[in-house]
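Subject: Structure for your review

Hello,

My notes on the ligand site and the charged pairs follow it.

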Amino acid sequence: MVKLSDRIAYVGVNDTDKVLFEGLWPLPVGVSYNSYVVADEKTALIDTVESGFEEDFLENIHDAIGDRPLDYLVVNHMEPDHSSLISYMLQEYPGLQIVANAKTVPMLKGYHNVPDDRIMVVAEGDRVSLGNCSLRFYMTPMVHWPETMVTWLEEENTLFSGDAFGTFGTIDEDVADSEGTFEQYRDEMMRYYACIVGKYGVPVQTALKKLGGLEIKRICSTHGPVWEKGIASVIALYDKMSRYEVERGVCIVYASMYGNTAAAADALAMELEEQGVPYAIHDLAGNNAGELGISGALRDVFKYDTIVVGAPTYNNGIFPPAETFMKALQARLIKGRRFYAFGSYTWAGASVRLLNEMAASLNFELLGNGLSFPQAYTREKVDMKAVAELLK
Ligand SMILES: Cc1cc2nc3c(=O)[nH]c(=O)nc-3n(C[C@H](O)[C@H](O)[C@H](O)COP(=O)(O)O)c2cc1C
Ligand SMILES: [Fe+2]
Ligand SMILES: [Fe+2]
């Protein structure tokens, strides 16, 4: 438990055991599930945490409010990383009333069989008084699910923002950020955004506009540090990413079975290095432990304006990890990128043509026809220097 102010306490937990978030996204530096208690004449818990942390969670709440009962549990978001312990909390606190919006109600029933008389339904702009302060609710659909809302505590200028402004990475015992915290988390925040929220650029923009009038002095999101010093940077990053704004640079993404496409990818990286072009390189087949795979690739798609995909031909198609990546771009409605494809084949190349077709369907600008080469990669056969020139 960490006190953030007289009224607000952090009661969340760090998870250093989970390997893949949502069963997909590697967590090299863990993740936190944040939950908060607001204690006034009445007490409110904002969201819960993932299952498996029941004891720590309850102990944190006890540290914050002792034997006082919890009056309200505000459910901003129903994804199980935050809602898993709802049933448990209803049992532990028999007087606890859930505060949720209409879209949340069927989810509360479907996941936790919550009876109607334990749910208080709130709508846009509604207030719930805790005595000397009150909680106010703003709907932010699709940031990250349709039922998502945020909770505003005006008396503390504090926004309980749900997944918005969240990041991967566990947090230290201070919980609140200090100078430099934002820079420390920037990459993981971008990876979190790209993987989890990336599809919802338009809803994020809508939410930012809606919340623009609030004088926010503290952002309490559901993952990562509490933002007090870094608020402007965090909001600016979310704003930039949800507008799909990028810098000049190349994101090389490849997958390879026998190393030929990989060798071409490495050669391209070397050429870009020599020519001083900013770039990142990601191996989707994950041949090296610790690599971020598709999650790192998606992060850098939100960073650079040029996407280069390498994939061998596989059963007359695209080697599947690269095809999955292209579908992930489609799912995230990525737009305004330049594109180039390359890859090895043995008897009839198809991957480069098909990658180009997928890129064209996303309205990417194709920087040439791509480079489909037979069998082994050699410097003589495969001119990556010329490709690097194209990408400048
Ligand atoms: C399961 C499988 C399916 C393949 N299908 C094709 C194909 O349809 N057309 C083709 O030209 N090569 C095909 N190949 C050959 C690969 O494209 C070739 O081995 C290529 O050099 C592999 O590139 P890599 O070293 O980057 O993995 C296939 C290989 C495998 C293992
Ligand atoms: Fe979520
Ligand atoms: Fe979450």
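This is a predicted model: local features need pLDDT of at least 70, side-chain atom pairs count only at pLDDT 80 or more; totals for chains, interfaces and linings use all residues.

Ligand site

The shell around ligand 1 draws at least two residues from each of helix 8 (260–274), strand 20 (313–314) and strand 22 (338–345). There are 16 residues around the ligand, and those that come nearest are Ser 256, Met 257, Thr 261, Asn 316 and Ser 344. By type, the shell has seven nonpolar residues, nine polar ones and no charged ones.

Asn 316 places a backbone N or O atom 2.6 Å from an oxygen atom of ligand 1. For Ser 344, a polar side-chain atom lies 2.6 Å from a ligand oxygen. Thr 346 has a polar backbone atom 3.1 Å from an oxygen atom of ligand 1. The ligand exposes 650 Å² when taken alone, and the protein buries 85% of that. The space that ligand 1 takes is the largest pocket.

Salt bridges

The model contains 20 salt bridges. One of them joins Glu 50 to Lys 18, with 3.0 Å between the closest N and O atoms. Glu 50 is in the loop between strand 8 (43–46) and helix 1 (54–65), and Lys 18 is in the loop between strand 3 (13–15) and strand 4 (20–21), so the pair ties together parts 32 residues apart in sequence.

Regards

How values were computed:
Residues are numbered from 1 along each chain as its sequence is written. Chains are lettered from A and ligands numbered from 1 in the order in which they are written. Side-chain values use heavy atoms; hydrogens and water are left out. A residue is near a molecule or strand if one of its heavy atoms lies within 4 Å of it. A polar contact is a pair of N or O atoms within 3.5 Å; within protein, one must be able to donate a hydrogen and the other to accept it, and residues adjacent in sequence count only if both atoms are side-chain atoms. Accessible areas come from the Shrake-Rupley method with a 1.4 Å probe; for residues, only the protein chains shown count as cover. On a 1 Å grid over the protein atoms alone, a cavity is a set of points where a 1.4 Å probe fits but cannot get out, and a pocket is an open set with protein on both sides within 12 Å along at least five of seven lines; lining residues have an atom within 4 Å of a point. A molecule sits in a cavity or pocket if more than half of its atoms lie within 2 Å of its grid points. Helices (H or I, at least four residues) and strands (E, at least two) are DSSP runs, numbered from the N terminus. Ala, Val, Leu, Ile, Met, Phe, Trp, Tyr, Cys and Pro count as nonpolar, Asp, Glu, Lys and Arg as charged, and the others, Gly among them, as polar. A salt bridge is a side-chain nitrogen of Lys or Arg within 4 Å of a carboxyl oxygen of Asp or Glu.
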